[in-house]
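Subject: Structure handover

Hello,

Here is the structure you are taking over. Please open it beside this message while you read.

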Amino acid sequence: MTTSTLTDSQRQQLRAQLEQRKEQLLQQLDAVQRDTLDVAKATSQGDAEEPGSPRDQANSMAASMVRDAEAARDHAELVAVRAALERMGDGSYGECLDCGKSVGVPRLLAQPSALRCIACQSKLEARGHR
Ligand SMILES: [Zn+2]
């Protein structure tokens, strides 16, 4: 028995974790969307004759930038979670997307949505964060 293969119970456990995470992310993204709509409504209905002070505007701009960054991160994770669930369906879960080697059980247990082995992931991150 090799340590690079998931047992059935580990796979079931990871699938449950991924499903749960997917729901969580969908709810978070939904909340962000509602939030954004509320802000847009408040802005259009709001005091058109009394624009907020520059400080208020800067604050709300910073808040929306933080929200956008969080939403983008949630969305990226959702894409990875969905991809992981799909790969569980077709049996390629646990294989690195780039090199096809095993991602490694400990890595999958720590991060069920991991699609790449550590070597390929760090290569990818080195490229992205240059
Ligand atoms: Zn790899």
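Predicted model: local features only at pLDDT ≥ 70, side-chain atom pairs only at ≥ 80, totals over all residues.

Residues are numbered from 1 along each chain as its sequence is written, and side-chain values use heavy atoms, with hydrogens and water left out.

Whole chain

The chain has four helices and zero strands, in the order α-α-α-α from the N terminus. Helices (H or I, at least four residues) and strands (E, at least two) are DSSP runs, numbered from the N terminus. Of the 130 residues in the chain, 27% are buried; buried means under 20% relative accessible area, exposed over 50%, and partly exposed in between (1.4 Å probe, protein chains only). The accessible surface comes to about 9,300 Å², and carbon and sulfur atoms account for 52% of that. These areas come from the Shrake-Rupley method with a 1.4 Å probe, and for residues only the protein chains shown count as cover. Contact means heavy atoms within 4.5 Å. Among contacts between residues at least 6 apart in sequence, 61% join residues at least 24 apart.

Zinc site

The zinc ion is held by the SG atoms of Cys 96, Cys 99, Cys 117 and Cys 120, at 2.3 Å. Donors here are N, O and S atoms within 2.8 Å of the metal (3.2 Å for Na, K and Ca); water is not among the atoms, so sites may look incomplete. The angles among the four donor atoms are 105 to 116°, and the site is tetrahedral. Four donors count as tetrahedral if all angles lie between 85 and 135 degrees. Along the sequence the donor residues follow the spacing C-x2-C-x17-C-x2-C. Cys 96 sits in the loop between α2 (54-90) and α3 (105-110), and Cys 120 in helix α4 (residues 118-128), so this pair ties together parts 24 residues apart in sequence. Cys 96 is buried. Cys 117 is buried as well, with a relative accessible area of 11%, and Cys 120 is buried at 8%. The disulfide count is zero, where a disulfide is a pair of cysteine sulfur atoms within 2.5 Å.

Nonpolar core

A nonpolar core is a set of buried Ala, Val, Leu, Ile, Met, Phe, Trp, Tyr and Cys residues joined through side-chain atoms within 4.5 Å. The largest one has 21 residues, of which Leu 6, Leu 14, Leu 18, Tyr 93 and Leu 108 touch the most other members. Helices α1 (8-45), α2 and α3 each supply at least two residues of this core, and α2 gives the most, with six. Leaving out residues up to four places away in sequence, Leu 18 touches Val 81, Ala 84, Leu 85, Met 88, Tyr 93, Pro 112 and Ser 113.

Ala 84 is in helix α2 and is buried, with a relative accessible area of 0%. Apart from residues up to four places away in sequence, Ala 84 touches Leu 18, Tyr 93, Pro 112, Ser 113 and Leu 115.

Neighbours within four places in sequence aside, Arg 67 is in contact with Val 32, Asp 35, Thr 36 and Val 39.

Regards

Methods
Tetrahedral: all angles 85-135°; square planar, octahedral: opposite > 155°, others 65-115°.
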